[in-house]
Every structure is written in structure tokens, then in C-alpha cells.
Amino acid sequence: MNPSLRLILLHIAMTALGLACFIAHPAAAAERPPISRDCATPEHRQLDFWIGDWDTFESDAPRGASIARARVRSIAEGCAIHELYEQNDGLIGEAILSYDPVHKRWQQTWVTNRGALMVIVGNVVDGALVLQGDVRIKDGTSVLQRITWKAQGMGVRESAVLSRDGGKTWTPAFDVLFLNRAGGGDRVGS
């Protein structure tokens, strides 16, 4: 057999074998990062349902126009989750969420390109992550904010309420639905 033809056939066979392995093992294509032995607990995995690439919609208009894109990834070998939130009006927010095994609670630190900073803590209650804490608004006053994340259908619902009287009364702040981004890949952790 002609050596050039042999190399071409070998290349075709290797390509076909590689493609077959890729199709047979789609998880390998995603190359999920390793999870630290210290963070392989069920508590650390409670928010994995949110990991993915999302379009964000107002909950009352899930078929309307997307208001933002959110990319949520596992970081630090599974010990934390990073959210990059890019709203259509130019607001960019980034958050680190992590489970604190010493205090047995979740914590989120959120910062935006408009100078906002928020640190909230809490736990999973009835399948939803509920975090709350004091948040300073631009005029310097402080409000209590409670944010809830919950898997809903093929998406994730995030809603927030505010209290200006220490938790006696609450008013809605936002209510959004994260849905798989078109062409953004499958949701991880479902």
C-alpha cells in the first residue's frame, strides 16, 4: 500500500475513533473541573443546579426579551460558585457564593460596576437557597435584603425582597427567571 494513502487512512480512522469516543462520553467534552475532597460534601453541592449559561427574564414574562446574561461556574475545585451577570442596561455584577462548613451556612459576596457591594448569608430551606443581610444603598441608608434561589422547571428562579424596618415588613425588589441560554450548552447539576 502506498505510504501516503496509509497515512491518510490512518488519519481518517483515528479521527473516526476520536469522534466516537467524544460522542460516547459527552461529559468528557465538558471537562468538568475536579472537586476538592474537602468540598465534596452534599452541602457544597446544594447550589449546583444553578451552574450553567443563562438568559435572564422577568418571572412574569419568561417569553419576553431577555434582560441579562448570567454565566455561573464552579470554581476553586468545587468549593465556590462564581456568577458573572451582565444586564442589558450596562450593569455588570459578579458574585462568589460558598458554603462555610464552620458556620454551616452559605455566603454570597456581590459587587457591581456601579460600586454596589453586598454580603449576605443563609441556608437552604425547603430546597431553596435563602440568603439575607444588610445592604447599603447609594444614599447611605441600609436596608435588609433577602434573596431566594430555587430550581424551577428547566430554569432557576431568583427573587428578592427588601425591608426598611428591620424585617417587620417586606416589599418586592426583583423576581427573575434564568433559562438555558440558546446554544449555551446544557445545564449542569440538574
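**Entry 1: ground rules.** I am working on a predicted model, in which local features need pLDDT of at least 70 and side-chain atom pairs count only at pLDDT 80 or more, while totals for chains, interfaces and linings use all residues. Residues are numbered from 1 along each chain as its sequence is written, and side-chain values use heavy atoms, with hydrogens and water left out.

**Entry 2: the chain.** I noted two helices and ten strands, arranged along the sequence in the pattern α-α-β-β-β-β-β-β-β-β-β-β. Buried residues (under 20% relative accessible area, against over 50% for exposed and in between for partly exposed, with a 1.4 Å probe and protein chains only) make up 31% of the 190 residues. The accessible surface comes to about 11,600 Å², of which 59% belongs to carbon and sulfur atoms; the areas come from the Shrake-Rupley method with a 1.4 Å probe, and for residues only the protein chains shown count as cover. Of the contacts (heavy atoms within 4.5 Å) between residues at least 6 apart in sequence, 33% join residues at least 24 apart.

**Entry 3: the core.** Of its 29 residues, Leu-47, Trp-50, Leu-97, Trp-149 and Phe-178 touch the most other members. Leaving out residues up to four places away in sequence, Leu-47 touches Ile-81, Leu-97, Trp-106, Leu-129 and Trp-149.

**Entry 4: aromatic rings.** For rings of Phe, Tyr and Trp (its six-membered ring), I took a pair to have centres within 6.5 Å, with planes under 30 degrees apart stacked, over 60 edge-to-face and the rest tilted. The count by this rule is four aromatic pairs. One of them joins Trp-50 and Phe-178 edge-to-face, at 5.6 Å centre to centre with 70° between the planes. This pair links distant parts of the chain, 128 residues apart, with Trp-50 in the loop between helix H2 (26-30) and strand S1 (52-58) and Phe-178 in strand S10 (residues 171-180). Both Trp-50 and Phe-178 are buried. Another edge-to-face pair is Tyr-99 with Trp-106, at 5.9 Å centre to centre and 65° between the planes, and both Tyr-99 and Trp-106 are buried. Trp-50, Trp-149 and Phe-178 form one aromatic cluster.

**Entry 5: a buried glutamine.** Is Gln-145 buried or exposed? Gln-145, placed in strand S8 (residues 142-152), is buried because its relative accessible area is 11%. Beyond its neighbours within four places in sequence, I listed contacts of Gln-145 that include Met-118, Ile-120, Leu-131 and Trp-170.

Key:
A nonpolar core is a set of buried Ala, Val, Leu, Ile, Met, Phe, Trp, Tyr and Cys residues joined through side-chain atoms within 4.5 Å. Helices (H or I, at least four residues) and strands (E, at least two) are DSSP runs, numbered from the N terminus.
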